[in-house]
Amino acid sequence: MTNFILSGMKYFLIVFATITTIRLLLGPSASDRLVAMNVLSSIALALLILWGVTTKNVLYLDVALVYDIFGFLGFLAITRFLKNTKDKL
Amino acid sequence: MNYERIWAILRFILTTLFLFIIWLLFTATTETFTLIFGLFASLLTAGLTYHIFLPKHQASLNFILPNPFYLIVFLALMVINLYKSSFQVAKAVFTGNTNPRIVHFRTRLKSDIARTILSNSITFTPGTLTLDLNDDHLVVHWLLCSTIHNKAAGEKIKSNIEKSLKRTLK
Amino acid sequence: MMIKEVVALIFFIIGSAFGIVGMIGLFRFKDPYSRLHAGSLCGTTTVFSYLIALLILSPSIAITSRIVILIIFFLISAPTGSSIVSKFIWESEEAEDQRRSMQKEDKSL
């Protein structure tokens, strides 16, 4: 039962990440791409924690903790960069 | 010793304690060297940044330290709100009749931390999204808007959270 | 032992259902604000439900305590990330028309 739930979560998260990547590639404007990246970072966090619980390894959870805290600094950098450039991506 | 000096020392101690607790959570060991190193690092960081972390105009301890019992009540309320508004947005995805609108209103909370928590918890629930926060003035994007009047919309969005938050922080 | 797994299964099903609906919404809505709402359905509700399910299923006390800390930091960091994105949309040029029409509506902003 536990193995079923864990593997089900794995496949669902991979499917969600794939669909969000399609949105990231299709998105007509920069805002749509940023929305997709925001969702993608949360899914990556969930995958890291899931992998840590599946393999019973604490190291993945430490990596997930640091990724969670410093994850949104990347968004700050990207939005600052896009605000300064005139041409739309 | 005047009041300003005492308040500065108190803020310094609170910042040091906060940083040291975070250090203990991250390292998760009780070796002597780690504890002493962490204490000195948090003292140095607190001495440099305590006036940014807790600004001078936070009037009392009530503005900074939350009431632990009501904090748990507030977190439980947030989880209930999360699932409730998720269900509403899910219904809107299938039916397709959304009414997106930008509303703006004021909040009655006084401390900066409580206002930040209020705007963050508005963003946390799907369906409402904080765009801007100036002093006590919030600009919110609401997906399923039901009223035209700004103040009534504000009451509908925040009243539940604000009432609980007012008991937690001043 | 059995009750734990049933509760975890319930949270797993709830999270997966909201994730699928959010993915549909990500392609169905047209403007970036509504897409962010649908995205937060998947990025917040699904991940939060999965985290609670993993908290129930966790094998040892070291992993349990880390997941509790992770949930606390997730409550802080998830709204911050989407708030940065929403502020970018609010200040970008694509939303300029929307803001102008809103200023016409009420003068106080």
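In chain B, the buried residues of α5(B) pack against α3 (68–95), β1 (101–106), α4 (112–124), β2 (128–134) and β3 (137–142), buried meaning under 20% relative accessible area with a 1.4 Å probe and protein chains only. The model is predicted, with local features requiring pLDDT of at least 70 and side-chain atom pairs pLDDT 80 or more, whereas totals for chains, interfaces and linings use all residues. Residues are numbered from 1 along each chain, chains are lettered from A in the order in which they are written, and side-chain values use heavy atoms, without hydrogens and water.

Helix α5 of chain B (residues 150–168) has 19 residues and spans 26 Å from first to last C-alpha, close to the 27 Å expected at 1.5 Å a residue, the expected span being 1.5 Å times one less than the number of residues. A kink of about 55° is centred on B:K158, the bend being the angle between axes fitted to the seven residues ending there and the seven starting there. Among the buried residues of this helix are B:I157, B:K158 and B:I161.

Between chains A and C, 47 residues of chain A contact 45 residues of chain C, contact meaning heavy atoms within 4.5 Å. The buried area is about 4200 Å², with 80% from carbon and sulfur atoms; this is the accessible area (1.4 Å probe) lost on being put together, summed over both parts. In chain A, A:M9, A:F16 and A:R23 lose the most area to chain C, together 14% of what that side buries.

Key:
Helices (H or I, at least four residues) and strands (E, at least two) are DSSP runs, numbered from the N terminus. Buried means under 20% relative accessible area, exposed over 50%, partly exposed in between (1.4 Å probe, protein chains only). Buried area is the accessible area (1.4 Å probe) that two parts lose on being put together, summed over both.
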